[in-house]
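Here are a few friendly notes to read alongside the model. Keep the sequence and the 3D view open, and take the points one at a time.

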Amino acid sequence: MDAAKIEAIEALMSDYIPLLSCRETPISVLDGNDVNLDVYENDRDIGVLSQGPEPLEYIKEEAAFIFGESPDDLFFRANFSTTVKIDCGEDKKSLLERLFNAHAATLFICTPHELKTEEGIPVFHDAGELQMFLTQNGDDDCEKEEDADEDDDENSPPVGLVRRPYDDGIDAYVDAIIAARNGQLLARHGTNESATFKYDVAIIDKLCYVIVHNGEEGDWLADEETPHNDSPLWFSEYDHMPSPVYFADNCRNYLLGKINDLQVVTMVVNAEKCFIINEDEMLGIWEEKCNVKVVRTKSVEGSVLPTMDDCINSLPARPEANEDTRADAIRKADQDLISTL
């Protein structure tokens with residue numbers, strides 16, 4: 001990943017709303033030596049090794065490596081309530097620097113019979129968050145803050161969730177593209193209709209489009225693996241969400257199963273301030289495995305994702321397609337789809 005993209009990602013870290021601001025329990029900061037946690041490398045994968053009779057309670061959706069201003073200041077968050085301060089000797093300095101420069105790392109869990117790996121844990125640099133870890137650990141002010149917030153419970157997010165900045169500008173962007181191409185917006189569904197994401201069904205240039213809106217701002221680590229047949233998750237520093245690509249692919253497959261010979265272009269449109277930190281390695285997976293085009297509302301320096309408009313312009317002509325003649329059938333299939341989500 002080039003320097004410009006790294007700078008853009010680090011600059012956006014200030015937009016995050018710390019989970020600590022909505023916690024209900026103090027965060028426990030442990031010493032890495034006390035819980036047998038240390039920086040570790042295996043087969044060029046870098047991360048930390050957890051071993052011992054009582055391993056940490058690890059929750060992937062909540063895990064993160066968090067650095068301060070230098071590679072010497074490392075915390076590993078196993079879950080939203082447990083964080084470990086990791087101190088390394090001189091012999092581990094080079095490994096620590098590699099971890100500092102990584103965007104994702106691995107937790108190695110050593111059991112009596114095997115070495116398990118949990119990959120794709122995001123790495124963040126946030127000195128301010130670390131300072132909050134330190135000052136709030138065991139601080140009586142935690143209880144005072146919680147008491148002061150009791151009157152505002154109705155407006156507080158649930159435990160473990162954060163009010164993420166959201167960009168509502170995707171609607172207008174998509175509408176403008178449809179209008180410019182004399183297309184039809186057949187349906188627009190919001191998350192209040194049980195859909196995980198807002199999405200549109202449209203006809204553009206005589207082709208059926210499924211357009212999923214991803215207005216979640218911030219830095220996201222994308223993952224399209226489906227362990228135990230569950231929906232894959234995307235991770236930010238403090239939160240996670242279902243994969244919008246997986247959601248889009250499911251919508252596409254449903255429509256294809258309802259209408260014979262339907263040609264569907266499936267897109268996920270990301271907001272301007274949505275950054276997918278591993279987009280380079282995910283492009284092939286999105287195109288070939290998921291049949292989904294991941295695009296932006298606006299070109300951003302450091303991102304290889306095209307705008308929706310540029311992506312449509314790059315598609316090969318399909319003169320045989322004429323889905324606008326089946327608009328009513330597509331609307332009907334879409335109504336059946338929304339009832340299943």
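**Notes on the fold**

1. Let's begin with Lys-206, which sits in the loop between strand E10 (199–204) and E11. Helices (H or I, at least four residues) and strands (E, at least two) are DSSP runs, numbered from the N terminus. The phi of Lys-206 is near 70 degrees, a positive value in a residue other than glycine. Most residues other than glycine have a negative phi. At 42% relative accessibility, Lys-206 counts as partly exposed; buried means under 20% relative accessible area, exposed over 50%, and partly exposed in between (1.4 Å probe, protein chains only).

2. A word on where this comes from. This is a predicted model, in which local features need pLDDT of at least 70 and side-chain atom pairs count only at pLDDT 80 or more, while totals for chains, interfaces and linings use all residues. Residues are numbered from 1 along each chain as its sequence is written, and side-chain values use heavy atoms, with hydrogens and water left out.

3. Asn-36 also has a positive phi, of about 55 degrees, although it is not a glycine. You will find Asn-36 in the loop between strand E1 (28–31) and E2. Its relative accessible area is 39%, so Asn-36 is partly exposed.

4. Now zoom out. The chain has nine helices and 17 strands, and buried residues make up 47% of its 341 residues. Among contacts (heavy atoms within 4.5 Å) between residues at least 6 apart in sequence, 65% join residues at least 24 apart.

5. Which residues of helix H2 (residues 93–101) are buried? They are Leu-95, Leu-96, Leu-99 and Phe-100. These residues cover an arc of only 140 degrees around the axis, which puts them on the same side of H2; the arc is that of the directions from the helix axis to the C-beta atoms. The buried residues of H2 pack against several strands, including E2 (37–42), E3 (45–51) and E7 (104–110).

6. Next, the largest nonpolar core, which has 55 residues. A nonpolar core is a set of buried Ala, Val, Leu, Ile, Met, Phe, Trp, Tyr and Cys residues joined through side-chain atoms within 4.5 Å. Tyr-199, Tyr-209, Trp-286 and Met-308 touch the most other members. Strand E11 (residues 207–214) gives the most to this core, with six residues. A second, separate core of 25 residues includes Val-39, Ile-86, Cys-88 and Leu-99.

7. Look at Ala-104, which lies in strand E7. At 33% relative accessibility, Ala-104 counts as partly exposed. Not counting residues up to four places away in sequence, Ala-104 touches Gly-120, Ile-121, Pro-122, Val-123 and Leu-221. Ala-104 and Glu-119 are 15 residues apart in sequence and 7.8 Å apart in space, C-alpha to C-alpha.

8. Is Ile-277 buried or exposed? With a relative accessible area of 8%, Ile-277 is buried. Ile-277 belongs to the loop between strand E16 (274–276) and helix H7 (279–289). From Ile-277 to Gly-302 the separation is 25 residues in sequence and 10.0 Å in space, C-alpha to C-alpha.
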